[in-house]
Amino acid sequence: MNWSDPFEALEPGATFTTGERTITDVDVMAFAGLTDDHHPQHVDADWSAASTFGERVAHGMLVVSCAVGLVPFDPDRVIALRGLDDVVFKRPVRLGDTIRVKGAVIALRPIGEEAGLVQWRWSVVNQRDQLVARALVEVLWRGTPSR
């Protein structure tokens, strides 16, 4: 998929895979500070050692936020992130895990003469190619201006 293509050049079924990002302790602590989500599963090593996961894990919303950052949206084409739907967290992302996004265009809907909505199915996977999260993502995408 070419991220600089105008809306009218996009096709359902087009796929992409992003680069990678390793989730660190600094990421988790900064996210906790920014969001005020200090759940001990994310920030307390002693508490989380006795939890279901046996260790600290990243916030689900941190994982989704990093996934959005990994997708190389062209600022000349993408006007806005319009929606996230059907977000499901499948397994924890542990500190030191590396994630990437695999996606496919599932729907295109023109909304005017100069833009349209692009809907993707995103799968966020870890370094073992295990699904950690999935979502439907909708973006407002600029087309070729009419003259």
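V71 sits in the loop between α4 (60-70) and β3; helices (H or I, at least four residues) and strands (E, at least two) are DSSP runs numbered from the N terminus. The model is predicted, so local features need pLDDT of at least 70 and side-chain atom pairs pLDDT 80 or more, while totals for chains, interfaces and linings use all residues. Residues are numbered from 1 along each chain as its sequence is written, and side-chain values use heavy atoms, without hydrogens and water.

Beyond residues up to four places away in sequence, V71 touches W3, F16, T18, V101 and W122, where contact means heavy atoms within 4.5 Å. G19 is 52 residues from V71 in sequence, yet their C-alpha atoms are 8.1 Å apart.

| Residue | Relative accessible area | Class |
|---|---|---|
| V71 | 5% | buried |
| W3 | 14% | buried |
| F89 | 40% | partly exposed |

The structure holds 10 aromatic pairs. In one of them, the rings of W3 and F73 have centres 5.9 Å apart and planes at 85 degrees, so the pair is edge-to-face. Rings of Phe, Tyr and Trp (its six-membered ring) pair with centres within 6.5 Å; planes under 30 degrees apart are stacked, over 60 edge-to-face, the rest tilted. Ring pairs link W3, F16, F73, W120, W122 and W141 into a cluster.

F89, finally, lies in strand β3.

Notes
Buried < 20%, exposed > 50% of the residue type's maximum accessible area, 1.4 Å probe, protein only.
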